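The entries follow in the order I made them.

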Amino acid sequence: MDVMEVLAHPVRLRVVQALAGGRVLTTAQLCERISEVHKATVYRHVAALADAGVLEVDGEHRVRGAVERRYRLRERVVIDAGTVAAMTPEDHRRTFATAMAALISEFDAYLGLDGADPAADEVGYRQHVLWLSPEERAEMIAELRAVIVARMTNEPAPRRRRHLLSPILFPVETPPPDAGARPAS
């Protein structure tokens with residue numbers, strides 16, 4: 001099974017998100033973080049991720065006679081440009097729907113936390129319409145990447161909380177037929 005197929009499930013995406021940033025967690029700890037999902041389901045999806053090589057065992061210890069494993073991401077999960085280019089529109093629909101389902105689950109879990117305060121936490125889910133040429137779009141993506149990547153190496157600290165940032169960008173209309181034409185001088 002390829003990485004796209006493995007990650008094409010909201011629970012698996014949530015497991016990957018929970019382990020992001022170098023975290024090492026047991027399946028029991030993952031069950032606590034994804035408490036609205038049945039434990040057997042979480043265990044099954046952790047096993048699928050481990051079988052596919054997305055997760056690896058970081059260590060084991062005995063708990064009341066059973067072996068409990070600690071898992072971590074094998075490496076940063078990246079879907080390369082070639083994989084994206086080979087995807088059909090239906091593949092993109094399914095993948096986007098899976099990502100949105102995982103995002104909705106994460107947001108719902110946040111709202112269920114004691115003391116969740118979207119205003120104080122500066123929760124945002126805005127949409128902005130931008131007029132961009134292909135060059136301007138590439139420049140903006142590079143700038144956003146630089147800002148985000150610079151913070152992805154932040155370690156846990158007393159005043160730091162994990163945040164989920166999910167940038168989504170797509171054109172909302174087709175370009176006019178003369179979009180490539182230069183204006184007359």
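Which residues does Arg14 touch, not counting residues up to four places away in sequence? I found Arg33, Ile34, Glu36, Val37, Ala102, Ser105, Glu106 and Ala109, taking contact to mean heavy atoms within 4.5 Å.

**Ground rules.** I note that this is a predicted model, in which local features need pLDDT of at least 70 and side-chain atom pairs count only at pLDDT 80 or more, while totals for chains, interfaces and linings use all residues. Residues are numbered from 1 along each chain as its sequence is written, and side-chain values use heavy atoms, with hydrogens and water left out.

**Helix H2.** I placed Arg14 in helix H2; helices (H or I, at least four residues) and strands (E, at least two) are DSSP runs, numbered from the N terminus. Buried or exposed? Arg14 has 2% relative accessibility and so counts as buried. My cut-offs are under 20% relative accessible area for buried, over 50% for exposed and in between for partly exposed, with a 1.4 Å probe and protein chains only. I then went through the helix, residues 10–19, and eight of its ten residues are buried, so H2 is largely enclosed by the rest of the structure. The buried residues of H2 are Val11, Arg12, Leu13, Arg14, Val15, Val16, Ala18 and Leu19. After H2 comes Gly21, with a positive phi near 80°.

**The sheet.** I looked up the strand order next and got an open sheet of three strands, S1-S3-S2, with antiparallel pairing. S1 and S2 stand at the edges with a single partner strand each, so one side of each has no neighbour in the sheet. As a reminder to myself, strands of a sheet pair through backbone hydrogen bonds, either parallel or antiparallel. Two strands pair here if DSSP finds at least two bridges between them. Strand S1 (residues 25–26) is joined to S3 by two bridges, and Leu25 stands opposite Tyr71 in S3.

How many bridges join strand S2 to S3? I count eight for S2 (residues 55–63), and the two strands run antiparallel.

**Second largest pocket.** I recorded a volume of about 170 Å³ for the second largest pocket. A pocket is an open set of points on a 1 Å grid over the protein atoms alone where a 1.4 Å probe fits, with protein on both sides within 12 Å along at least five of seven lines; lining residues have an atom within 4 Å of a point. Grid points are joined across faces, edges and corners, and the volume is the space filled by probe spheres set on the points. The lining of the second largest pocket includes Thr27, Tyr43, Arg64, Glu68, Arg69 and Tyr71. Helix H3 (27–33), helix H4 (39–51) and strand S3 (66–73) each give two or more residues to this lining. S3 gives the most, with four residues. By class, the lining divides into seven nonpolar, one polar and three charged residues. Nonpolar covers Ala, Val, Leu, Ile, Met, Phe, Trp, Tyr, Cys and Pro, charged covers Asp, Glu, Lys and Arg, and polar covers the others, Gly among them.

**Aromatic pairs.** I found two aromatic pairs in the structure. Rings of Phe, Tyr and Trp (its six-membered ring) pair if their centres lie within 6.5 Å, and planes under 30 degrees apart count as stacked, over 60 as edge-to-face and the rest as tilted. Phe107 and Tyr110 have ring centres 6.0 Å apart and planes at 35°, so the pair is tilted. They are three residues apart in helix H6 (residues 89–111), about one helical turn. Tyr110 is buried at 14% relative accessibility, whereas Phe107 is partly exposed at 32%. Phe107 also pairs edge-to-face with Tyr125, at 5.9 Å centre to centre and 80° between the planes. Tyr125 lies in the loop between H6 and helix H7 (134–152), so this pair ties together parts 18 residues apart in sequence. Tyr125 is exposed, at 69% relative accessible area. I logged Phe107, Tyr110 and Tyr125 as one aromatic cluster.
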